Each structure stands twice: as C-alpha cells, then as structure tokens.
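Reader: Please take me through the terms used for this model. I want to see each value set against its definition.

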Amino acid sequence: MFEGRDPIYLQIAEAIRGEILTGALQEGNQVMSTTQYATTYRINPATAAKAFAELVAEEILVKQRGVGMFVAEGATDRLRAARREAFFDERLAPVVREAAALGITAAELTAYLHTHLDQEDDR
Amino acid sequence: MTGLSVTTRDVSVRYGAARALDGVTLDLAPGRIHGLLGRNGAGKTTLLSLLASFQRPDSGDVALDGRDPFEDARLMQDTSLMRATGDLAADLKIRDILRLHRTGRAHFDRDLADHLLDRFDIPRRRSLARLSRGQQSVVAATIGLASRAPLTMLDEVHLGMDAPTRQEFTEALLADFAEHPRTIIVSSHLIHEIEHVLETVTILHRGRVVLSEEADDLRTQGTTVTGRADRVEVMTRDLRVVGRRDLGPTREATVLGRPHPAWVTEAERQGLQLGAAPLQDLFIHLTSDRDAA
C-alpha cells in the first residue's frame with residue numbers, strides 16, 4: 001500500500017477518486033473518517049486529513065459538521081469531466097506525437113480507432 | 001494544536017571522553033508525530049532524556065514551548081518518556097504501577113490503560129519483573145500512551161512485542177492521537193513499520209543530526225526501480241544505487257535522487273516500475289560509516 005512515488009495523501013485522494021469513478025463509492029455515501037482511515041492503513045491521521053481536504057476543495061467530498069464526510073452530489077460527473085480533459089492532454093497527445101514520429105498517417109490512426117471503438121461498442 | 005513544541009540549540013552531552021550528543025539543533029512542531037531514528041549508540045536516548053529533563057546538557061539550550069524543562073515542575077508533568085524497560089519499577093505489581101501513574105500524572109487516562117491491558121491479557125496482580133519481555137513492553141507502551149502527556153516519547157517500546165501486538169499498538173496510538181492530538185516522538189529500529197505513521201523524520205548519527213525533514217519530502221529523495229534484473233541494472237548503471245533486493249528474476253533497486261523525466265519515460269517504456277524509496281534504505285545509506293566519507 002502507498003508504494004507510489006507521489007506523497008501518500010495524493011495517493012489516498014487518487015484511490016478515493018477511483019472508487020467513485022468505478023461506483024464502489026456512490027454519491028451521498030459516507031466515506032471513512034480520518035481516524036478510521038489512519039488506523040485501517042496505519043498512516044498518520046494528518047495525512048488522511050490532507051487527502052480529504054484536497055477532495056473537499058475539488059468538491060468531490062462534502063463535510064457535514066459533526067457527522068462526517070460524504071461523496072458530493074455531481075462528484076462523478078465532475079471527475080469524468082476532469083479525466084476527459086486529462087485524457088486528451090496527457091494520454092492522447094503523446095500517442096499522436098509518437099505516431100507522427102513513426103510516420104503513421106492520420107488515416108491509419110483513425111482506421112485503427114474506428115475498428116477498436118466498434119469492438120468496444122459490441123461488448 | 002495541543003502539545004509542546006521542542007527546540008534544541010547546539011546541544012552537547014559528553015560521557016567522559018565520549019560525545020553522546022555533538023551540537024544538536026532541532027525544531028519539532030507541536031501536535032505531530034515525529035520519528036527519531038539512529039543506530040545503537042547514536043544518541044537518541046540521551047536526547048530524549050534531555051527533553052524529559054532526566055539530565056542537563058553540558059552545553060547548549062533545550063526548550064519545551066520556549067522554556068527550559070529542567071526542574072520545571074509543570075513541564076515535567078507534561079512530559080512522558082517510556083523506554084521498553086527500565087522506566088518502571090520492576091518489583092511493583094502492575095496494578096500498583098497503574099495507581100502510581102493515575103495519581104501522579106495529571107492527564108493519565110485510566111480507561112485507555114485498562115482497555116489496552118485487557119486487550120493484551122496483562123495480569124494486574126503480577127509484578128512487572130515476572131512478566132515476559134513482550135508483556136513488559138506492552139505495559140511500558142500502555143503507560144506511555146495513557147499518560148496523554150503533551151510531549152509523549154516512546155523509545156523502542158516495541159521491543160519484545162510480536163508483530164500482531166506491534167500492529168495493534170500502532171493502531172491504538174493513531175486512534176488516540178487522532179482524538180487527543182499531542183506531540184509524540186517515536187524511536188524505533190523497525191523503520192518500515194512506522195514509516196507512514198511519522199510526519200517528520202530526524203536521523204541521528206554519532207551524536208549529530210544528519211537529517212530532519214518532513215516525511216513526505218523524504219519520500220522524494222529516492223526512487224525504487226523494479227523489473228527484470230538485467231534491465232534494472234542497465235537503467236541504474238549511472239545512478240547512485242543504495243539498496244538492492246532480488247526476487248527470482250526480478251530486482252528492486254533503490255537509487256538516490258529524483259530521476260530526470262526522460263529517464264522515467266525510458267524506464268517505463270522498458271516495463272520497469274518506479275516507486276518511493278523505503279525510508280529504511282535512505283536510513284542505512286545515511287548512517288553507514290563506509291559511505292560517510
């Protein structure tokens with residue numbers, strides 16, 4: 001757990017985002033408290049609190065005073081929108097650049113995409 | 001934030017000709033869990049004894065919340081230092097040790113102490129000396145934790161505990177710290193077990209501070225490279241490798257520093273996985289006399 005290169009609080013935030021995107025955590029669901037998180041994963045409570053603060057700032061989680069932390073209404077859509085932007089900038093852009101460097105034509109690329117997107121649709 | 005701040009300025013302690021501490025300057029913020037690491041004889045226990053005002057430095061200044069703790073009754077009340085053995089009277093029965101701390105310590109939480117001792121089946125009617133090593137450690141750690149002192153120091157209290165007991169104690173420590181924040185200094189040789197519990201890490205070596213940093217920053221000072229041994233070797237040839245572990249054909253190498261983005265891209269293209277350096281590897285590197293020059 002938490003073997004990645006990023007600070008642990010960012011890895012926790014990313015794990016929670018992932019759970020929301022896959023539906024393991026639904027909008028309105030309560031998430032673990034910082035104390036529960038800290039004891040479950042044996043990490044410092046301040047680290048867990050920092051992760052939650054990050055997600056509150058992104059409006060992915062909302063805090064209900066005295067009750068706990070919940071997945072915000074619209075969190076899934078907000079995460080999807082953010083991921084979509086990142087998908088083009090961070091994933092597709094380098095692929096397109098490498099394709100150009102390898103001499104792969106636009107027609108070859110789009111043909112490949114069409115075939116594979118059709119296969120996805122058929123699943 | 002509750003808890004005491006800790007500052008030392010150019011603190012030295014000599015035992016005869018030997019320097020236990022040599023110009024130690026340190027700042028530990030209140031309300032956090034700090035790690036104090038060092039090899040045997042590095043000066044950890046001497047430093048903690050100064051903070052607990054068991055002794056005075058030969059030179060330099062020690063301050064808790066800005067005040068000299070030595071013979072300051074209020075500050076001594078607010079300070080607890082527990083070592084795995086030796087800080088509790090061995091011939092006393094457990095229930096008498098509990099009673100002493102309950103009456104003598106302003107913040108002592110009886111329920112927490114009872115809860116922990118019950119969980120580990122510690123017989124109250126037996127004297128400390130007649131308990132096993134692991135049970136003695138449980139008693140010491142329990143007294144330290146239940147003291148709820150604004151400066152709580154746990155010096156190798158994990159010694160002698162088996163792995164499940166250590167794990168339960170770490171959980172108890174974190175849960176109690178979350179509810180009752182205070183300044184906690186943990187010293188342990190079991191670095192990988194407490195690594196993620198610590199907010200700052202201070203490493204002592206031969207009486208000097210070689211490093212005192214945020215744990216998060218420390219994680220970025222090294223990188224693990226994992227994958228096929230031959231590929232790992234080629235990729236790390238020109239880097240400073242401070243640790244290696246092999247598992248069949250797979251090798252994990254720990255390198256110092258943050259690699260260049262182009263290097264990262266190439267490593268990932270070769271199917272190598274990158275991770276944060278284990279604190280243990282950095283510790284061994286920093287406290288190895290072979291590499292010190």
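Author: We begin with handedness. A crossing is left-handed if the near helix is turned anticlockwise from the far one by less than a right angle, and right-handed if clockwise. The model is predicted, so local features need pLDDT of at least 70 and side-chain atom pairs count only at pLDDT 80 or more, while totals for chains, interfaces and linings use all residues. Residues are numbered from 1 along each chain as its sequence is written, chains are lettered from A and ligands numbered from 1 in the order in which they are written, and side-chain values use heavy atoms, without hydrogens and water.

Reader: What makes something a helix here, and how is a pair of helices described?

Author: Helices (H or I, at least four residues) and strands (E, at least two) are DSSP runs, numbered from the N terminus. Two packed helices are described by the angle between their axes and the distance between the axes. The axes are lines fitted to C-alpha atoms, for helices over the stretch in contact, and the angles run from 0 to 180 degrees between N-to-C directions.

Reader: How do you name an angle?

Author: Under 35 degrees is roughly parallel, over 145 roughly antiparallel, 65 to 115 roughly perpendicular, and the rest oblique.

Reader: Why is α1(A) called roughly perpendicular to α4(A)?

Author: The axes of α1(A), residues 8-21, and α4(A), residues 75-101, come within 9 Å and cross at roughly 110°. That value falls in the perpendicular range, so α1(A) is roughly perpendicular to α4(A). The crossing of this pair is left-handed.

Reader: Which residues of α1(A) and α4(A) meet?

Author: Contact means heavy atoms within 4.5 Å. By that test, A:E14, A:R17, A:I20 and A:L21 in α1(A) meet A:T76, A:L79, A:R80 and A:R83 in α4(A). By class, this contact has three nonpolar, one polar and four charged residues. Ala, Val, Leu, Ile, Met, Phe, Trp, Tyr, Cys and Pro count as nonpolar, Asp, Glu, Lys and Arg as charged, and the others, Gly among them, as polar.

Reader: What makes α4(B) roughly antiparallel to α6(B)?

Author: The axes of α4(B), residues 110-119, and α6(B), residues 163-179, come within 12 Å and cross at roughly 165°. That angle passes the antiparallel cut-off, so α4(B) is roughly antiparallel to α6(B). Their crossing is right-handed. B:L112, B:L116 and B:R119 in α4(B) meet B:E168, B:F169, B:A172 and B:D176 in α6(B). These residues divide into four nonpolar, no polar and three charged.

Reader: How are α2(A) and α6(B) placed, and at what angle?

Author: They pack at about 160°, with their axes 8 Å apart. α2(A) and α6(B) are therefore roughly antiparallel to each other. The crossing is right-handed. A:T35, A:A38 and A:T39 in α2(A) meet B:E171, B:L174, B:A175, B:A178 and B:E179 in α6(B). By class, there are four nonpolar, two polar and two charged residues.

Reader: Which residues in α2(A) are buried?

Author: Buried means under 20% relative accessible area, exposed over 50%, and partly exposed in between (1.4 Å probe, protein chains only). In α2(A), residues 34-41, A:Y37, A:A38 and A:T39 are buried. The buried residues of α2(A) pack against α1 and α3 of chain A together with α6 of chain B. A:R42 follows α2(A), and its phi is positive, near 50°.

Reader: Why does B:T170 count as buried?

Author: B:T170 has 8% relative accessibility, so it falls under the cut-off and counts as buried. It sits in α6 of chain B. Leaving aside neighbours within four places in sequence, B:T170 is in contact with A:R42, B:H158 and B:V197.

Reader: Is B:D121 buried or exposed?

Author: B:D121 has a relative accessible area of 62%, so it is exposed. It lies in the loop between α4 and α5 of chain B. B:D121 is not a glycine, yet its phi is positive, about 55°. Most residues other than glycine have a negative phi.
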